[in-house]
Structures are given as C-alpha cells and as structure tokens.
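Could you walk me through this structure in plain words? I am new to it and would like to know where to look.

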Amino acid sequence: MAGILTKRAVSPAVITALLLFGAGALDTPALAGAACTAGERPLNFGFYAFFAPLSYSADEDPDSPGFNTHLGFEADLVSALEAMPGAGLTFTRRPIAEWDDIWLRPAGPRYDLVGGGITILESRTRDPAGWRKIAFTAGHIAFRQSLLVRAEDAQRLARYDALGGEVRVGALAATTGEARLLQLTGLADRAGILAAGVRVDTPRGRVTADGSPDYFITAAAESPGLAGRRHLHPPSGRMPQVIYLGDSGGEAELLEALARRRIDAIARGEIGNRAAARASDGAFAVTAIDAEHELGGFALAVEDAALRACLDEKIDYLTDHRRIGYAAWLEDPEVFMRRAVQWRAE
C-alpha cells in the first residue's frame with residue numbers, strides 16, 4: 001500500500017516496534033519525509049465508536065449521521081496526519097460498533113488500518129488459527145487500567161484486593177480492562193488461565209474452570225466454551241463477580257449500570273474512567289490504578305510494512321517521541337494540528 005520510499009531514518013518509535021515484536025515487526029525502515037500513499041485512493045480507517053475520549057462517534061446511535069463522525073484523541077491525531085504537507089495521507093473513516101476482534105479487521109478487504117484505544121499485544125497480531133495477520137504501529141499513547149466506582153464507595157473499593165464476593169465489577173469482554181482485572185484479583189493467572197472453581201455463565205449454560213489451560217481468558221482470545229460470557233462467579237469470597245456488558249452500546253452500558261447500581265465498579269483504562277468521573281459531577285471516582293502501563297497503537301495488515309513504518313515516522317513526529325500524550329492533548333486539542341502544519345517533507 002505504501003508508495004516508493006527513498007530516504008532512510010529510523011525513528012525512536014520504530015525502535016519501540018522492534019522491541020515489542022522483534023526484528024520481524026518491521027520489514028521496511030521508516031524513511032524521513034517520505035509520503036505514505038496507497039496509490040490514488042484514501043486509506044480506509046476503521047475506528048471503535050464507543051471509547052470516549054480516545055476514539056468515539058459524535059452520536060451513539062448507529063442510524064444517526066453523527067455516528068460516522070470521528071471524535072477524540074485518535075481522531076485529532078488522524079486529522080493531523082492528513083494535514084502534514086507531503087505526507088500523502090487521506091482517510092475514509094468508518095465507525096465500528098463491535099469491539100470483538102476489532103484489531104483483526106485489517107486482515108480483511110474492508111479496512112487498511114483500525115484504531116480505538118487498542119492496546120498493543122503480540123497475541124492480537126494472530127488470527128484464531130495462530131497465523132500472524134496483523135502488526136501494530138509503534139504506539140502513540142500510554143495508559144493504565146483502573147476501576148471506576150460510585151464516589152461513596154471510593155474508600156471501600158480503593159484496591160483490587162478489597163474486591164470481595166459481593167462486589168460486582170462490570171467489564172467489556174476481550175479488553176485489557178477485563179484481562180488485568182482477572183489477573184489482579186486472582187481470578188486468572190498471568191497467562192489468563194482461570195482459577196479452579198471459577199464459574200462462567202455463557203449462552204450455552206454454566207461452565208466451571210478446573211484450573212487447566214482449557215479455561216482461559218486473555219485480552220485477545222478465550223476458550224471456545226467461554227465465548228459470549230455474561231457473568232463470572234468467583235470460587236472464593238475474596239474475589240469479585242464480573243458482569244459483562246457493552247456488546248452493543250459499548251462502555252455507555254457500563255456507565256448506566258454503575259449509575260443504576262446494577263454493578264459496583266467498571267474495570268477499564270484510567271483515561272476513560274477519569275473522563276467519566278469528570279463528567280459525573282462528583283458521582284463517580286477513579287480508584288485502584290494499575291502499576292503497569294500499556295501502549296496503544298493502530299492495527300494494519302502484517303504485509304503493509306512500508307505503510308506502517310511511514311506512519312510510525314509521522315506519528316513519532318506529531319507526538320514528539322510520545323512526549324505529547326493524552327494530558328497534553330486534553331489541555332490543548334490543537335497541539336497535533338499545529339505540529340502537522342510545521343512538518344516539511346523532504
């Protein structure tokens with residue numbers, strides 16, 4: 001998909017990609033000032049429609065014209081990519097309502113790349129058969145997992161080890177929010193293998209884990225018998241219940257459930273939780289900040305190495321080697337566009 005690239009200059013963002021995925025992650029070096037083109041056509045960019053404030057639709061109703069309008073941190077970053085003189089980038093943006101396996105969509109014919117606050121994981125580069133189909137850009141945002149709770153529960157639910165069997169934590173399946181919650185509460189180990197005795201309600205009935213690898217949940221996949229899960233029951237009163245929502249309405253369903261006391265907490269990224277807390281007029285609070293950081297990037301087909309490298313170079317410039325992150329954008333939403341117009345293609 002990329003045009004002819006002629007000048008070599010490997011950026012720190014590209015080095016990050018090599019560290020994340022090894023030498024195979026980058027088949028063509030990033031080339032300073034080169035155009036990232038796909039011939040004469042715009043690139044088809046799919047964005048997750050329900051991940052405010054990182055990536056979301058102006059209207060949550062899929063039948064509304066506003067559903068096609070991309071807003072948020074990543075929307076402004078993509079607009080800045082289009083505005084860079086000589087970069088040769090234009091995008092046709094398409095909203096995606098379903099989160100499940102969203103990172104695998106560039107392996108098909110409809111999308112060239114996909115975004116939406118997607119954490120970069122090696123496991124997300126492979127299809128269900130284990131074939132490597134996807135690669136990620138080097139990473140343009142860092143975030144941590146957390147809990148969003150009602151303000152009155154902030155002290156009671158301040159830590160993951162305070163989540164007992166009576167606590168109902170809402171999660172969106174196949175997210176790092178879910179995966180880290182399971183690990184940090186002992187419901188699963190670092191590999192995602194569920195603890196013995198964990199019971200999972202699915203559309204086909206209840207499944208009970210025996211502690212073997214036959215029962216696992218990660219941010220990229222799950223055991224076939226756990227697909228479509230709705231409720232996870234802990235084997236011990238020292239662990240929380242997990243309630244699964246958001247299949248159709250995204251994280252808005254989780255927020256409504258928290259406000260209506262159907263759940264007691266939401267496990268998701270700190271950025272989204274802090275935005276929800278600010279918008280709640282004091283009704284919600286953020287607790288249990290995870291000690292581990294994650295990097296988010298855009299997903300492309302693995303064979304689009306030249307385009308990926310060229311995008312890394314431009315994104316690396318726009319984010320000033322990732323020094324301009326979410327906090328800087330929130331304070332000044334025009335920061336990426338100002339840097340874009342200063343770009344000079346060589």
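Predicted model: local features only at pLDDT ≥ 70, side-chain atom pairs only at ≥ 80, totals over all residues.

Residues are numbered from 1 along each chain as its sequence is written, and side-chain values use heavy atoms, leaving out hydrogens and water.

The protein chain has eight helices and 17 strands, taken from DSSP runs (H or I of at least four residues for helices, E of at least two for strands). Of its 346 residues, 55% are buried, meaning under 20% relative accessible area with a 1.4 Å probe.

Now find helix α2 (residues 73-83) and helix α6 (residues 305-318), whose axes come within 10 Å and cross at roughly 110 degrees. That makes α2 roughly perpendicular to α6, a label for angles of 65 to 115 degrees. In this meeting, Leu-77, Ala-80 and Leu-81 of α2 touch Leu-311, Lys-314, Ile-315 and Leu-318 of α6, where contact means heavy atoms within 4.5 Å. The residues involved are six nonpolar, no polar and one charged.

Helix α2 also packs with helix α8 (residues 335-342), at an angle of about 15 degrees and with the axes 8 Å apart. The two helices, α2 and α8, are therefore roughly parallel, which is the label for angles under 35 degrees. Here α2 contributes Phe-73, Asp-76, Leu-77, Ser-79, Ala-80 and Ala-83, while α8 contributes Phe-336, Met-337 and Ala-340. By class, the contact of α2 with α8 has seven nonpolar, one polar and one charged residues.

Notes: Axes fitted to C-alpha atoms, helices over the stretch in contact; angles between N-to-C directions. Parallel < 35°, antiparallel > 145°, perpendicular 65-115°, else oblique. Nonpolar A, V, L, I, M, F, W, Y, C, P; charged D, E, K, R; others polar. Buried < 20%, exposed > 50% of the residue type's maximum accessible area, 1.4 Å probe, protein only.
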